[in-house]
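Work through the exercises below with the sequence and the coordinates at hand. Each task is followed by a solution in steps.

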Amino acid sequence: MALSLRNDTHQNDREVDHAVPDLQLASSLQQARLGDPFALLGPRYADLPGGGQRLRLCCYYPGAIAVQVFSRPADERDPHGVLLGNLIQLGAVEGSANGIFYGDVNLPAQAHREIPYVLHVAWPGKNGKLEEVQITEDPYAFGLLISDFDLHLFREGRHRQLARCLGSQVTRIDGVDGVRFAVWAPNAQRVSVIGDFNQWDGRRHPMRLRQSAGVWELFVPRLRDGTLYKYEITGPDGRVQPSKADPMARATELPPATASRVIDDRDGWRWRDDEWMAQRAQRQSLQAPISIYEVHAASWMRILEEEGRSLNWNELAERLIPYAKGMGFTHLELLPVMEHPFGGSWGYQPLSQFAPSARFGSAADFAGFVDSCHREGLGVILDWVPAHFPSDGHGLAYFDGTPLYEHSDPREGFHQDWNTLIYNLGRNEVRGFMIASALEWLEHFHVDGLRVDAVASMLYRDYSREPGQWVPNIHGGRENLESVDFLRELNQTVIERCPGALMIAEESTSWPGVTAPVKEGGLGFTYKWNMGWMHDTLRYVEEDSIYRRYHHHDFTFGMIYAYSEAFVLPISHDEVVHGKRTLLEKMPGDYWQKLANLRAYLGFMWTHPGKKLLFMGCEFGQYQEFDHDKSPQWDLLDDPRHRSIQRLVRDLNGLYTSLPALHLNDTRAEGFSWVVGNDSVNSVFAYFRHGNEAEGDEPLLVAVNMTPVPRHNYRIGVPTGAANEFEWKEILNTDADIYGGSNLGNAGSVTAQQQEWHGHPASLLLTLPPLSTIILRRGK
């Protein structure tokens, strides 16, 4: 990029030699009200008759003692260059406040034309020491930084690499290393970048406004990776806003500190996950087994010996990855790891949509964690929050003194449930900002999917609002048309740019077509959390077993709509907080019955159509409610009863991933058929899971007994196979002694009798253990 020195060759030498900076502009600059600092600061030059150039310079360093101008060194052997002249401090001549330095210097004809000079700025020394000299190129000597095309894409909401356009970018311009800053604040009177490099002084580095897009930009030479910074913004009413973190920051200070941090990731992470990425689309298809371990990274395992600190990404890679893999899960899902000011939100109130939280290490550390997961065959899903953001003063709220990222009307822009602000997704720039955030995680960090939080709150304008508290859409309806358009554009963009990536909706209503393709009028998600199944089945198991006969439909109703969407069955963090009790504690009865109920329920869940998700701690029967400041109760694994629950989940994952009948048709009706669905008196359920029988996938029979009463000689109809396929092998029994049960069952196998039952030509006489799920496979 060529240096853009203003050419004043139309002026005569007298004007060039003796002109004083515009005092009105100087006064506005000193009062931090100058919207265009380039109108005053930086160089103007004129060619001299005998060759060379004459530079008129004006710079602003409030608090500095003196400024000298040197020629730019030709190489490292000439570190200081040649002294060209001393600048005059405006205040010393004209009586105004000091800090503005100006003057004219002559450059020799052979001077380096692009960057002809450097400034040596003398500052008062600290504690009586001699003055300190700062050597820097002039930030106001550089031309326009962001291309018109980039600005056009941003304005249209279609800039998909926004994190490499706005924000802070370590770069090299005209041979000068430094950082380019750019921020969207269209209604601001003035924006300055402040940081540890200028004592957080908003007067020092005012930025240039690119009017076409409302973007402010400035290149600050000689800054580097790790620099801390914010933006100081004067709003349209002339008031200075609280210092703002960079919305596009890709790294931050460790909370509760709130500054953004420059990151130099030009070289990128050296990925070693080519094999995973090549197979990802197949591993994450609708026909693939997907079993998700949901984790709150901050509390999965705390180091009690070190004041209960969280693990960092490197430690999580060493401990979490082998644990999840050893448990047979196919994916990790992390509660939001985007930087967030309040740890008690578990990440669901993020303010830095592009930055991994500094709580766990650097962005490179996070990339390394994802890379390690992939090399061990684990996918990584992140929870992502496009529905709302917190109102912290350093964040997006009233960013440029106006409701920029949020709606101005609180009936549209304020979430009553969470006391947060709602993104104005009808605004091109905000919509593009959020889509670029999604792509940052999927493309830059190789994340395999996003679970989109609170989709229901985005779809309805009257979500959790009373009449008169919401604004209808343009047709007078309750549907949020702007959010619908955003979600469709988001999901279509991900399909086009990130083949095989998952987009999963947390959506709790009956909105049609959440996982239908956009071209068919759907929202375009890959999967939807089956909140109805979760609520119904948990309500069922919370009933005492003697009353379950009256709630039988709660266990069966999910199959009525099981194929209306592509579903994930979620037992998530939301079900074990705020007085809801843990999964184990929801179960009725004494401790033995609680454990047996939990085992039976897990067996039912893993054999029910739909992908699986289980929150940490549930896999071994934690009984204390989730606390984000504490680890799960790992000490329970000293108890063989809880180790048995853990073993059951591991074995269920093993069957689920290895047997096509349990996953191949998770989203298709041919994968499931009822055998016993209406035996409410005995609270018994039985069903088949089917794979591709043409390719040799044997059907599986699942029988569930949700009472503590064993059922002997319970007849269930089954299909017949070849002559040697009348035997059905019991391949899992949640009541087995290895799982802490009473070890009642079917002695490993049962032979079918040629007696028609339930519409099938043969039948089995089974023993159904108390509070159990058993799985049988035809054949030896």
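The exercises concern a predicted model and cover strand pairing, cysteines and a surface patch.

**Exercise 1.** Determine which strands pair with β4, and in what sense.

Solution. Start with β4, residues 66–71, and strand β8, residues 117–123: these two are antiparallel and share six bridges. Within this pairing, Val69 has Leu119 of β8 as its bridge partner. Next take strand β5, residues 83–86, which pairs with β4 over three bridges, again in the antiparallel sense. Here Gln68 lies opposite Asn86 of β5.

**Exercise 2.** Count the disulfides, then examine Cys165 and classify Cys165 and Cys618 as buried or exposed.

Solution. A disulfide requires two cysteine sulfur atoms within 2.5 Å. Applying this rule gives zero disulfides. For accessibility, buried means under 20% relative accessible area. Cys165 has 3% and is therefore buried. Cys618 has 6% relative accessibility, so Cys618 is buried as well.

**Exercise 3.** Identify the residues that make the nonpolar surface patch of about 380 Å², then locate Ile546 and classify its accessibility.

Solution. The patch is formed by Ile546, Tyr547 and Tyr550. Ile546 sits in the loop that runs between α12 (531–542) and α13 (553–556). Exposed means over 50% relative accessible area. Ile546 reaches 55% relative accessibility and therefore counts as exposed.

Notes:
Residues numbered from 1 in each chain as written. Predicted model: local features only at pLDDT ≥ 70, side-chain atom pairs only at ≥ 80, totals over all residues. Heavy atoms only, no water. Patch = residues over 30% accessible without salt bridge, like charges linked within 9 Å, V, L, I, M, F, W, Y side chains within 5 Å. Areas by Shrake-Rupley, 256 points an atom, 1.4 Å probe, with all protein chains shown as cover. Salt bridge = Lys/Arg side-chain N within 4 Å of Asp/Glu carboxyl O. Helix = DSSP H or I, 4+ residues; strand = E, 2+ residues; numbered from the N terminus. Buried < 20%, exposed > 50% of the residue type's maximum accessible area, 1.4 Å probe, protein only. Pairing = 2+ DSSP bridges.
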